[in-house]
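Thanks, everyone. Please have a look at the model on the screen. I'll keep this short.

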Amino acid sequence: MGFNTLVLSLPSDEARRRQSREILDRYGLEFRFFDAVNGASLSDEARNFHYDAVANVRGFKRPLSNGEIACYLGHLQMWRHIASCGANAALILEDDFRFLREPCEFLRALAKFDLSDVIVKLDASAPQGAYRFQKIKENWLMQSRLLPPRTTGYVVGARAAARMLGLRSHFFRPVDIDLKHHWEHGVPIFVTEHALIGERDAGESRLAAGRTGAKPSMTMRFWCNLKYQFAFRWAMHTADRQDVRRDSHQATRRLVHLP
């Protein structure tokens, strides 16, 4: 296919690993499991080494749960692996993924591009207002100032992974929300016009269920969310960091066919 494929999964979760293997084997996609961090057994030392609780109070709407911290740590570990393995880019899947359509043709075509400086989200359709950038088979890569959440499935380039790793070794938001703050990290993020990947499990995910203990009261939650959403929208529309825009523009221009 052209991509290294990594599936983030707990070694103890045999059911999810079996389901992931069945899906990938069905399409003949080579992959390897990448051991996730277990939030249920996350030590205080591991929690506090990367998680910035002070910045969280200032810059997010609620504390992160151990599951969200563990999820971020898993993605950091994968970014470190991708940045050092010598590949152009890798496909990252969380173990509750499913393909919404046949993936091989699109992924083979996508792998022919130099994606080393960018991220391509495959787990959501482009939002309204996004503009078309590059057609890949019957799908389009699109860019939008407002990005969808989730990290169920995405392609990340080696230099993009290294940049995220350098900027987010300490974090205070969930990993998918951090990716949405593209004016901070300067990594160009494309979204497919039509999602290729969705979440397999129906209902509320384990990660979402684990946030319950981290949430404030209903009234406090409303005001904290309102404050965060206002700050997020204001920052998105007023960001004018020339270095970030320059790096993003240069990386986007390098999205060309590999020789």
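Ground rules first. This is a predicted model: local features need pLDDT of at least 70, side-chain atom pairs count only at pLDDT 80 or more, and totals for chains, interfaces and linings use all residues. Residues are numbered from 1 along each chain as its sequence is written, and side-chain values use heavy atoms, with hydrogens and water left out.

Start with strand 8, residues 153-157. Helices (H or I, at least four residues) and strands (E, at least two) are DSSP runs, numbered from the N terminus. Is strand 8 enclosed or open? 5 of its 5 residues are buried, so strand 8 is largely enclosed by the rest of the structure. Buried means under 20% relative accessible area, exposed over 50%, and partly exposed in between, with a 1.4 Å probe and protein chains only.

In a regular strand, side chains alternate between the two faces of the sheet. Here both faces are covered. Gly153, Val155 and Gly157 are buried on one side, Tyr154 and Val156 on the other.

Now the pairing. Two strands pair if DSSP finds at least two bridges between them. Strand 3, residues 89-94, runs antiparallel to strand 8, with 5 bridges. Alanine 89 has glycine 157 as its bridge partner. Strand 5, residues 119-121, is also antiparallel to strand 8, with 3 bridges. There, isoleucine 119 partners valine 156.

Those last two names come back in the core. A nonpolar core is a set of buried Ala, Val, Leu, Ile, Met, Phe, Trp, Tyr and Cys residues joined through side-chain atoms within 4.5 Å. The largest has 41 residues, and Trp79, Ile119, Val156 and Phe171 have the most contacts inside it. Elements giving two or more residues include strand 3, strand 8 and helix 4 (66-84). Helix 4 gives the most, with 8.

Take tryptophan 79. Leaving out residues up to four places away in sequence, tryptophan 79 touches Tyr72, Ile92, Tyr154, Val156, Ala161, Met164, Leu165 and Val175. Contact means heavy atoms within 4.5 Å. Apart from this core lies another, of 28 residues, including Leu29 and Phe190.

Last, helix 1, residues 14-26. Which of its residues are buried? Arg16, Arg17, Ser20, Ile23 and Leu24. They cover an arc of only 130 degrees around the axis, taken from the directions from the helix axis to the C-beta atoms, so they sit on the same side of helix 1. The face turned away carries exposed Glu14 and Arg26. After helix 1 comes glycine 28, with a positive phi near 70 degrees.

How values were computed. The expected span of a helix is 1.5 Å times one less than its number of residues.
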